Amino acid sequence: MDYIRDRESNIPFSLHDSRIIDIIIDENKLSLKINPIFQYIDNEEKCHNGIIEFTNIDKDACDIMIFNTPYSYDGVKSFSGKELSFDEFKEQYPNAEFEIITEGYCGYDTIFQGYIFQDGNDQLFAIMRIWNMGDMIYRI
């Protein structure tokens, strides 16, 4: 089933603790394979596997910031890490999973904060930024 998140109402899904296990991106669409997607209906939590599709994206305005250390280092509140396009991320972290801890929606901007896990390496803190003028479609 498809559920479309519009920009004015709340949809009964949460991605907190969900893991992005695959990313497919082209010039106009971003698809994130996610396991699980949590749905809340009548005070009951259901878990689904699925894909979240963002239509009409601006690929150049979508990126992932990967922090060398969480938030800052030695009390310095500055970014220490790298900013990658989705294609660069897939190339540098081919088997990584992105665990979503915080999700935010503001206008045409979607932001996921969380941790990257890959093949037994230490987890890395990251922020995924998605800019889209189209729909956010939950395909479960």
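Which residues does Q39 touch, not counting residues up to four places away in sequence? The legends below take up this residue and then other parts of the predicted model.

**View 1. Q39 and the residues it touches.** Beyond residues up to four places away in sequence, Q39 touches Y3, P12, F13, E44, E45, K46, H48 and I140. Q39 lies in strand β4. With a relative accessible area of 4%, Q39 counts as buried, because buried means under 20%. The side chains of Q39 and H48 are joined by a polar contact of 2.7 Å. P12 is 27 residues from Q39 along the chain, and the C-alpha atoms of the two are separated by 5.6 Å.

**View 2. S31 in strand β4.** Strand β4 covers residues 29-41, and S31 is found there. S31 is buried, at a relative accessible area of 10%. Setting aside neighbours within four places in sequence, S31 is in contact with D22, I23, I24, I51, I52 and E53.

**View 3. The largest nonpolar core.** This core has 30 residues. L32, F112 and M128 touch the most other members. Strand β4 supplies the largest share of the core, 4 residues.

**View 4. The aromatic pair Y105 and F112.** A pair of aromatic rings is described by the distance of the centres and the angle of the planes. There are 7 aromatic pairs. In one of them, the rings of Y105 and F112 have centres 6.5 Å apart. Their planes meet at 85°, so the pair is edge-to-face. Y105 is partly exposed, with a relative accessible area of 28%. F112 is buried, at 0%.

**View 5. The aromatic pair Y115 and F125.** This pair is edge-to-face, with 5.7 Å centre to centre and 70° between the planes. Y115 lies in strand β9 (residues 109-117), and F125 lies in strand β10 (residues 124-131). The pair therefore ties together parts that are 10 residues apart in sequence. Y115 is partly exposed, with a relative accessible area of 24%. F125 is buried, at 5%.

**View 6. An aromatic cluster, and a charge over a ring.** Y3, F13 and Y138 form one aromatic cluster. Elsewhere, the charged end of R19 sits over the ring of F117. The distance from that charged end to the ring centre is 4.1 Å.

**View 7. The whole chain.** The chain has 1 helix and 11 strands. From the N terminus on, the order is β-β-β-β-β-β-β-α-β-β-β-β. Of the 140 residues, 38% are buried. The accessible surface comes to about 8100 Å², with 46% belonging to carbon and sulfur atoms.

Definitions and conventions: Residues are numbered from 1 along each chain as its sequence is written. This is a predicted model: local features need pLDDT of at least 70, side-chain atom pairs count only at pLDDT 80 or more; totals for chains, interfaces and linings use all residues. Side-chain values use heavy atoms; hydrogens and water are left out. Helices (H or I, at least four residues) and strands (E, at least two) are DSSP runs, numbered from the N terminus. Buried means under 20% relative accessible area, exposed over 50%, partly exposed in between (1.4 Å probe, protein chains only). Contact means heavy atoms within 4.5 Å. Accessible areas come from the Shrake-Rupley method with a 1.4 Å probe; for residues, only the protein chains shown count as cover. A polar contact is a pair of N or O atoms within 3.5 Å; within protein, one must be able to donate a hydrogen and the other to accept it, and residues adjacent in sequence count only if both atoms are side-chain atoms. A nonpolar core is a set of buried Ala, Val, Leu, Ile, Met, Phe, Trp, Tyr and Cys residues joined through side-chain atoms within 4.5 Å. Rings of Phe, Tyr and Trp (its six-membered ring) pair if their centres lie within 6.5 Å; planes under 30 degrees apart count as stacked, over 60 as edge-to-face and the rest as tilted. A charge sits over a ring if NZ of Lys or CZ of Arg is within 6 Å of the ring centre and within 35 degrees of the ring normal.
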